[in-house]
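I'll jot down what I look up as I go.

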Amino acid sequence: MKKLIFSVLAVAAMASCSKSELVERPVVDGDVAIKLTSEVLTVKQAIKAPFEGITATDSLVARVIASTTSGDFASNTSKWHDDTISFVNGSDTKAVGYNPSRAYPTDGSSVFLCGLYPASMTDWMNFSTSNTSGVYKTTAEYTFDGKTDVMLAAQVETKKSEALVGTFKKLVFNHMLTKLVIRAKAKTTAAVTDFGGITEIVLTKANGLTPNTTMLGTLNDGTADPSKAANFTLPDTMAFYTFDNTTTPGTAAATDSLFSAKNVVLTVVDGTKVTVAPSIGYSMVAPIIADGTEDYELLVKTEKNPAGFPVKINLKDAAGNAFTGSTQGKAFVVTILFESTPIEALGEVTDWENIVLPGDITIK
């Protein structure tokens with residue numbers, strides 16, 4: 001799994017003030033603004049679809065919360081600033097910051113920053129801070145929709161003294177969800193006739209249960225543990241979304257268009273001539289602790305089978321072995337092979353930005 005990495009330049013104002021007097025201070029003469037630099041290891045973003053990296057045309061707008069108390073990003077007494085920062089192409093060498101700029105406190109005290117993506121000020125809900133023996137922890141909820149990537153960056157601590165000597169801290173954004181990409185092909189022209197076009201795909205089960213759609217993230221450490229049921233709540237089915245090119249392998253880009261009510265024509269793929277089936281749909285789903293046996297289950301509908309049929313996915317790793325462990329931040333490609341006999345499913349784990357063809361899922 002690749003990580004999106006952002007360096008945080010913590011700088012301080014020149015005028016003096018005590019921590020108790022701290023307010024959201026705009027930059028004035030003599031102040032130095034909070035700024036961040038960034039480094040991104042991937043190369044492509046498509047609308048709200050899985051974020052793949054900062055380019056000349058695609059920037060990452062993240063919500064960055066600053067606090068004067070470690071772990072407390074919700075209470076009015078500690079939360080110092082809460083706004084978005086746009087990481088643009090070249091920000092790995094040129095620092096960027098809040099707009100309008102905000103100056104750092106000048107008394108030498110620490111400031112703690114965490115990052116949330118998407119940057120919405122309304123979709124992240126139910127911020128809550130607890131205090132156990134003086135250790136603060138803040139959680140927040142995000143209800144995801146299948147087309148939107150969700151990332152968190154654990155808090156970093158910065159001080160004026162570090163900034164003055166050019167020591168930069170990093171915000172490391174981690175993908176909280178699992179990316180499922182569906183490819184489809186027909187074994188014969190007879191299978192195309194038997195099934196017709198693919199009209200809908202939905203995720204119906206994850207680890208044998210109805211999939212979850214609300215994430216409870218911990219801002220301190222930038223996590224949302226899939227092994228704890230309470231961290232992913234409100235069960236529901238999860239929709240899939242389309243790609244803008246389903247005929248040329250390797251060129252498809254994710255869109256925000258629902259797959260439902262579509263009619264994606266099946267393509268006969270001869271393995272001796274075409275090695276990659278076209279991508280037809282994707283979804284960002286709740287991660288699970290997989291064991292390689294019926295980890296996820298889809299409902300696939302076609303023109304000739306409007307009620308749909310279940311497709312059970314046994315996740316595989318890149319070596320073809322059963323994938324076990326957390327699927328969080330990982331991408332899986334599932335290739336469905338339509339054939340006029342019973343249904344099987346396979347999926348292979350891939351790097352977030354480098355999807356390769358796994359074994360086929362046969363629909364017969």
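Predicted model: local features only at pLDDT ≥ 70, side-chain atom pairs only at ≥ 80, totals over all residues.

Entry 1: I looked up Phe338 and found a relative accessibility of 0%. Buried means under 20%, so Phe338 counts as buried.

**Entry 2: its ring partner.** Next I checked Phe309, which has 8% relative accessibility. That is under the 20% cut-off too, so Phe309 is buried. What are the distance between ring centres and the angle between planes for Phe309 and Phe338? I get centres 6.4 Å apart and planes at 70 degrees, so I write this pair down as edge-to-face.

Phe309 is in strand S21 (residues 309-316) and Phe338 is in strand S23 (residues 331-338). They are 29 residues apart, and the pair links these distant parts of the chain.

Entry 3: How many aromatic pairs turn up in the whole structure? My search gives eight. One of them is Phe144 with Phe232: their ring centres are 6.4 Å apart and their planes sit at 75 degrees, so this pair is edge-to-face. Phe144 lies in the loop between strand S8 (135-143) and strand S9 (151-158), while Phe232 belongs to strand S14 (residues 232-235), so the pair ties together parts 88 residues apart in sequence. Buried or exposed? Phe144 is buried, with a relative accessible area of 3%, and Phe232 counts as buried at 3% as well.

**Entry 4: the core.** A reminder to myself: in soluble globular proteins, nonpolar side chains tend to be buried together. Here the largest nonpolar core has 50 residues. Phe144, Ile198, Met215, Tyr296, Leu298 and Phe338 have the most contacts inside it. Another core, of 18 residues, lies apart from it, and its members include Leu60, Met151, Ala153 and Leu171.

Leaving aside neighbours within four places in sequence, I found Leu298 in contact with several residues, among them Ile182, Val202, Phe240, Phe309 and Ile313.

**Entry 5: a proline to finish.** Pro105 lies in the loop between strand S5 (96-97) and strand S6 (111-117). Its relative accessible area is 3%, so Pro105 is buried. I also checked Thr68: Pro105 and Thr68 are 37 residues apart in sequence and 9.4 Å apart in space, C-alpha to C-alpha.

How values were computed
Residues numbered from 1 in each chain as written. Heavy atoms only, no water. Helix = DSSP H or I, 4+ residues; strand = E, 2+ residues; numbered from the N terminus. Buried < 20%, exposed > 50% of the residue type's maximum accessible area, 1.4 Å probe, protein only. Core = buried A, V, L, I, M, F, W, Y, C linked by side-chain atoms within 4.5 Å. Contact = heavy atoms within 4.5 Å. Phe/Tyr/Trp six-rings, centres within 6.5 Å; stacked < 30°, edge-to-face > 60°.
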